[in-house]
Every structure is written in C-alpha cells, then in structure tokens.
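Biologist: I'm new to this one and would like to learn how to read its pockets and strands. Could you walk me through it?

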Amino acid sequence: MSGCPGCRPDALASLPPLAMAFQPILSLDGAGSAIFAYEALVRGAQGEPAGSVFSQIGPHNRYAFDQRCRVRAIEQAATLGLGGTGALLSINFMPNAVYEPRACIHASLEAARRVGLPRERLLFEFTEGEAMEDPAHLLNILSTYRAIGFRTAIDDFGSGHSGLNLLAMFQPDIVKLDMGLLRGVDRDAARRTILRHLIAMCRDLSILVVAEGVETEGEYLTLRDLGVTLFQGYLFARPAFNALATLGGEVVVPAPRTS
C-alpha cells in the first residue's frame, strides 16, 4: 500500500470532510416488506450536497477519496446499527481509483473486520458509464471482489450503450435500472416493452433487478407488475443523513393495486 498514490499524506490531507446519507432499497413481494440494503451516499460533514464534495475531488486525490468513502460508509453504517438489521450495505466505488484490486480493498476489509460486518454484507456498485472505460481492468476488479466474497451491482443500467456488452462478459449480482428508463413507465408502452425484456433477461441470468429512482405510485405498481421486487426512490424514502430509515419510520410502502 505504500506505493499507492492514493495513500500519500498530501492526497489524504486534500480531502474535504465528509459523511454519509443512507437510502434504503426495499424488498416488496408477496412475502411482505423488508429493507434489502442501504446505499451509502456521500455528503459533506454537515450534510452538504454531494456536488459540494465532488467539486473538490480531482486526479490528485481521487484514489484517497474512494478509499475514505468506503471506510466511512462501513464505519458510519455500523455505528447506526446496520449490523443488526440483516440488510446489505451498498457502496459506490470508482473503478479508475483502483490500482490493484486486492491491495486497494485492504482498508475496506479491515474496517469491516473492525466493526464486525461480514464481507458478504458488502455490495459494491459502479455505474454503467464507468464500465467500459477500461473493461479488462473492471472485469479484474469484479472477479476479485467476487472471489473475496463481496456482491457487485451495475448502477444506472440502461443509461448508455455498454451494458449488454458488460453483461455478456460478467454477470453481477444486481442490476439497478436507470431512473431515466423507468420514468413514466406507467404511461409509456415502449418503456414497458423494453423493461419487460430487460427484467426477463436478468432473471434468465440469475441477476436481481432494482428499480432505482421510483417517484410515483404508478411507476411502482407498473414495475411490480413487470416482476420487479426491489425498489429504491423518493416514493419510499429519501436519503437520511447519518441515519437509517426503517419500515416503521420514514419508509412509505404504497398499497397494492386492487383492480
């Protein structure tokens, strides 16, 4: 780790103070409702928007930032009691901030060990847009993470043109549908057709599907009818700064369609 530019004192010193907000991913099926995972979302130390943090990140400190976000997410989630919920912790990572997968994951593994969070409870997600910048490097990261015991997810799936190529090379545990693709799906037959086939394809590949960014009851009910059981979005709960939403608290589950 001493040779990693991300670990240099000057890179670490240039990082802004940061904390995490957590947004739940709900499992809603015939068996009832449960929180499947919490996604850790970066914020400023006082809850400032992510944009104010990312504006201070560049090539000189991107690697240190990625490492600090992972560790902060694990430590903060554990402090809030995630370990006792059974939910996964979803952490966004930057593939271009990983030099060598096993070396760069050391701090995350140590943090999880320190707080008693099994590595099987960690889900690492990356965006479709990042996927094809260096496919060979990304595939090496994903294969290594799977061997270690982590789960992986593609975020914003359907936002670009590389997703199907990536799925042909590597099948993650989870695909998170891009919110732009599902927006207004209850009123758009073309979107319903596209999503129906995407969901069926993922089912055939044994990949779980998360509908991300759900904002209306119509979107939720239509996606549920299409076979989606995992949901995330403002309809249910907004990200909670330094807090974990619960089904008895901030999370709202729309009533099933009766007709």
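This is a predicted model: local features need pLDDT of at least 70, side-chain atom pairs count only at pLDDT 80 or more; totals for chains, interfaces and linings use all residues.

Biologist: Which residues lie nearest the centre of the largest pocket?

Modeller: Look for A40, V42, F54, N92 and F93, which are among the 22 residues of its lining. The pocket holds about 380 Å³ of space. At least two lining residues come from each of β2 (32-44), α2 (50-54), α3 (62-79), β3 (88-92) and β4 (122-127).

Biologist: How do the residues of that lining divide into nonpolar, polar and charged?

Modeller: You'll find 13 nonpolar, 2 polar and 7 charged. The second largest pocket, with about 240 Å³ of space, has a lining of 4 nonpolar, 4 polar and 5 charged residues. Its 13 lining residues include Q23, M179, E212, G213 and Y234, the ones nearest the centre. Two or more of the lining residues come from each of β2 and β5 (151-157).

Biologist: Now the strands. Is β7 mostly covered or uncovered?

Modeller: Buried means under 20% relative accessible area. In β7 (residues 208-212), 4 of the 5 residues are buried, so by that cut-off the strand is mostly covered.

Biologist: Which strands pair with β7?

Modeller: Strand β6 (residues 174-177) pairs with β7 in the parallel sense over 4 bridges, and L177 sits opposite A211. Strand β8 (residues 230-232) also pairs with β7 in the parallel sense, over 3 bridges, with V210 opposite L230. From β7 the chain runs through helix α11 (residues 217-225) to β8, a right-handed β-α-β crossover.

Methods: Residues are numbered from 1 along each chain as its sequence is written. Side-chain values use heavy atoms; hydrogens and water are left out. On a 1 Å grid over the protein atoms alone, a cavity is a set of points where a 1.4 Å probe fits but cannot get out, and a pocket is an open set with protein on both sides within 12 Å along at least five of seven lines; lining residues have an atom within 4 Å of a point. Grid points are joined across faces, edges and corners, and a volume is the space filled by probe spheres set on the points. Ala, Val, Leu, Ile, Met, Phe, Trp, Tyr, Cys and Pro count as nonpolar, Asp, Glu, Lys and Arg as charged, and the others, Gly among them, as polar. Buried means under 20% relative accessible area, exposed over 50%, partly exposed in between (1.4 Å probe, protein chains only). Two strands pair if DSSP finds at least two bridges between them. A crossover is right-handed if, with the strands pointing away from the viewer, the path from the first strand over the helix to the second runs clockwise.
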